[in-house]
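Colleague: I would like to learn how to read a few features in a model. Can we start with charged side chains?

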Amino acid sequence: MIASLGGKKNAKRAAYIHFLFNVFGSLAIVIVLQLFMSQIEYGIMALTNSQNLTGAALNEAMARNVANAHTIFKVFQVIILYPFAKWIVKATYVLVPGDDESKGFSLQYISEKVGFSATTAIPQVIHEVERMAELSRKNLNLAVNSLLDVDTSTQDEITKNEEHIDYLNHAIFEYLNHINQSPLPEEDSRMIGPLFHVIADIERIGDHARSIGNITLTCERKKYRFTHEHKVEIRELLTMVNSELELSLEMFTQKSLDHLNEILKLEELIDRKEDRLQKAYLTDIKRKETAPREGMLYSDLAAALERVGDHATNIAFSILNDDSEEINRLIEEEHVDPSDYIL
C-alpha cells in the first residue's frame, strides 16, 4: 500500500487487490481454524509423519509443518476467493474512484504530484529516460524510412511522437529539479547531472527526427526522389546509428564500460561514412548525376544522422570521468572494421 502512494490510480487499485485478498483470505482461514483446528493440525503433521516425534526430531519436522501450513492456507485462499475476483476488482474502483487526470501523455514510473522515495527516485527516472530514448529512436527510424520512400502518411504519427518526447523531456527535467533539492544516496546523487545531459541529448534526437519529417514534406511537394544507391547508403548509416544508440543507452543505464570500445568504433565509422557521403554528393552534383536540390536534401539527411551519432556518444560518455585511463586507452585504438557494424 505504501509503495502505491506515488503511483497512478490503477497502481493503487492493484495494491488494494492484494490488501483485500489478504484480509478476506485471512478471515476465511480464521473461521476454518475455529471449526476444524484439530483436524487441520493432524492433517498437516501427517504430511511429515511427525505425529509421534519428540525432541530434536520434532523441532526439525515443525519447520516443514509451518511451511506446509502456509502453502495449504494460501492455496485454500485462492480457491475460496477466486469466484469473487470480479467483485474484488469492482470494490477497488469504489475505494479508488475515477480515472487518472491526464488524458494525454503521462509518466509511467514516477509521479508528477506525489512525494518520492529517495531509494527509488533515480531508478524510476532511468526507466522514464529509457522510454523517452526508445520513443526518440522509433521516431528517427520512422522519419528516415518515410523520407526515403517519400511517404507522408506517417507525418501525424511523427508529430505526435515528437510531442510525447517533448512532454517527457519537460516532465523528467522538472522531477529531477525536484528531487535534486532533497537528500539522496551518494551514488544516486552523482547521477543527477548526467541525467540532465542525457534527456537533453535524447530530446535533440527527437528534434532531428522532426527535421527529417519536414524534409519528407519538401520532397513530396517538389516531387523529389532518392536513388536506390542513396537509399542503400542512408540505411547503412542508419543501421550504425541505431547500434550506437542502443549500446550507449545500455552503457548509461547499466553504468558499465562493457560497450565503450564498440561505441567509440561506431562513432568513428559514422563520421567516416557521413564524410564519404558528403564527398560523393558533391561529385554527383559536378557530374550532374543528382539534381542540386535533391543532393542538398540527401546531404542534410546524412548530416542529421551523424549528429544523432554524436548525441549517442554523449549519452554513453555522460557517466564517465574525463581523466579515466581506460577511456584514454580505448580512444587510442587504431583499427576499425566497418564490416563488423554494417548489415
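Colleague: Which side chain meets that of Glu-134 in a salt bridge?

Modeller: This is a predicted model. A salt bridge is a side-chain nitrogen of Lys or Arg within 4 Å of a carboxyl oxygen of Asp or Glu. Here Arg-137 is the partner of Glu-134, at 3.2 Å from N to O. Both residues sit in helix α4, three residues apart, about one turn of the helix. Glu-134 is partly exposed, with a relative accessible area of 42%, and Arg-137 is partly exposed at 21%.

Colleague: Which residue forms a salt bridge with Glu-233?

Modeller: Lys-273 does, with the closest N and O atoms 2.6 Å apart. This pair links distant parts of the chain, since Lys-273 is in helix α9 and Glu-233 in helix α8, 40 residues apart.

Colleague: Is Lys-273 buried or exposed?

Modeller: Buried means under 20% relative accessible area. Lys-273 has 5% relative accessibility, so Lys-273 counts as buried. Lys-273 also forms a salt bridge with Glu-236, the closest N and O atoms being 2.6 Å apart. Glu-236 lies in α8 and Lys-273 in α9, so this pair ties together parts that are 37 residues apart in sequence.

Colleague: What do the buried residues of α5 pack against?

Modeller: They pack against α4 and α7. The buried residues of α5 include Ile-158, Leu-168 and Tyr-175.

Colleague: Which residues make the nonpolar surface patch of about 450 Å²?

Modeller: Met-1, Phe-19, Val-23, Phe-24 and Leu-27 make that patch. Leu-27 lies in helix α1 and is partly exposed, with a relative accessible area of 48%.

Terms used:
Residues numbered from 1 in each chain as written. Predicted model: local features only at pLDDT ≥ 70, side-chain atom pairs only at ≥ 80, totals over all residues. Heavy atoms only, no water. Patch = residues over 30% accessible without salt bridge, like charges linked within 9 Å, V, L, I, M, F, W, Y side chains within 5 Å. Areas by Shrake-Rupley, 256 points an atom, 1.4 Å probe, with all protein chains shown as cover. Helix = DSSP H or I, 4+ residues; strand = E, 2+ residues; numbered from the N terminus. Buried < 20%, exposed > 50% of the residue type's maximum accessible area, 1.4 Å probe, protein only. Contact = heavy atoms within 4.5 Å.
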